[in-house]
Amino acid sequence: MEVVIVPDAKAGGELIAEAMAQLLRRKPDALLGVATGSTPLPVYEALAAKVRSEAVDTSRARIAQLDEYVGLPAEHPESYRSVLRREVLEPLGIGMDGFMGPDGTAEDVRAACEAYDRALSAAGGVDLQLLGIGTDGHIGFNEPCSSLASRTRIKTLTEQTRIDNARFFDDDIEQVPHHVITQGIGTILEARHLVLLATGAGKADAIAATVEGPVAAICPATALQLHPHATVVVDEAAASELELAGYYRYSYAHKPDWQGI
Ligand code: PGA
């Protein structure tokens with residue numbers, strides 16, 4: 001995988017937004033896989049600025065959801081569908097007709113998971129999947145010891161993830177659902193380009209394990225090592241535990257055919 005160390009979150013957001021813009025110029029109906037959480041917000045802000053300045057046209061762009069709470073009504077402000085509408089679709093000028101996501105309120109959740117995997121394939125697959133990472137190394141809601149070959153399915157959140165996400169639910173962990181639908185790790189690995197963004201010292205251990213540790217389900221993000229085109233964008237704080245940080249900087253600075261990431 002390629003590791004790109006940037007000075008701060010804003011620079012990371014700009015770099016990834018430019019990669020998305022280049023993709024959309026090449027392929028105007030590209031399917032962008034997006035993540036929720038605090039980390040990706042600078043990416044969406046930078047991409048929205050490009051849309052406003054007409055540096056990129058999103059009129060045919062499509063957006064795919066990574067994960068969703070089970071049982072929260074779609075119109076709940078913290079359902080990931082609502083969050084993505086607010087933080088991604090509206091700022092980018094993309095309507096719900098350009099959106100695809102799993103149905104977290106389906107009677108038959110298992111069937112809804114399988115239907116979402118099929119829908120992603122039928123849509124031609126995700127072109128670029130943006131990922132965050134949990135302090136425990138989760139990607140999407142694939143918690144530690146998720147199968148590295150997993151498909152979209154229902155998962156139970158760890159207590160730590162529910163604690164981490166309580167900030168979106170009035171700091172009340174009781175309101176955080178126990179169950180989620182998440183694209184599986186095998187599903188995520190089918191995207192053509194994986195871009196993981198991590199910022200802040202709290203992610204440093206997870207990033208060191210992801211980039212330099214052995215591939216192991218205990219740290220789901222290590223599956224990125226199996227992908228032919230995976231980019232890990234980290235700020236200085238998130239890079240602070242990387243043994244080969246000097247090499248990653250050198251390698252990126254000497255990239256022969258520099259085309260973004
Ligand atoms: P965060 O979440 O960006 O809010 O830290 C990341 C994640 O849990 O995947």
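Colleague: How many bridges join strand S9 to strand S10?
Modeller: Strand S9 (residues 193–198) and strand S10 (residues 230–235) run parallel and are joined by 5 bridges. Strands are DSSP runs of E, at least two residues long, and helices are runs of H or I, at least four, numbered from the N terminus. This is a predicted model, in which local features need pLDDT of at least 70 and side-chain atom pairs pLDDT 80 or more, while totals for chains, interfaces and linings use all residues. Residues are numbered from 1 along each chain as its sequence is written, and side-chain values use heavy atoms, without hydrogens and water.

Colleague: Which residue in S10 is the bridge partner of leucine 194?
Modeller: That partner is alanine 230.

Colleague: And what order do the strands of the open sheet have?
Modeller: The 7 strands follow the order S1-S10-S9-S6-S2-S3-S5, with parallel pairing (at least two DSSP bridges between two strands). S1 (2–6) and S5 (99–100) are the edge strands, each with a single partner, so one side of each lacks a neighbour in the sheet.

Colleague: Changing topic, which residues are around the ligand?
Modeller: Gly37, Ser38, Thr39, Gly132, Ile133, Gly134, His138, Arg167 and Lys203 are around the ligand, with a heavy atom within 4 Å of it.

Colleague: What lies 2.7 Å from a ligand oxygen?
Modeller: A polar side-chain atom of lysine 203 does. An N or O atom in the side chain of threonine 39 is 2.4 Å from a ligand oxygen, and for serine 38 a polar backbone atom is 2.9 Å from one.

Colleague: What follows helix H3?
Modeller: Glycine 93, with a positive phi near 70°, follows H3.

Conventions:
A polar contact is a pair of N or O atoms within 3.5 Å; within protein, one must be able to donate a hydrogen and the other to accept it, and residues adjacent in sequence count only if both atoms are side-chain atoms.
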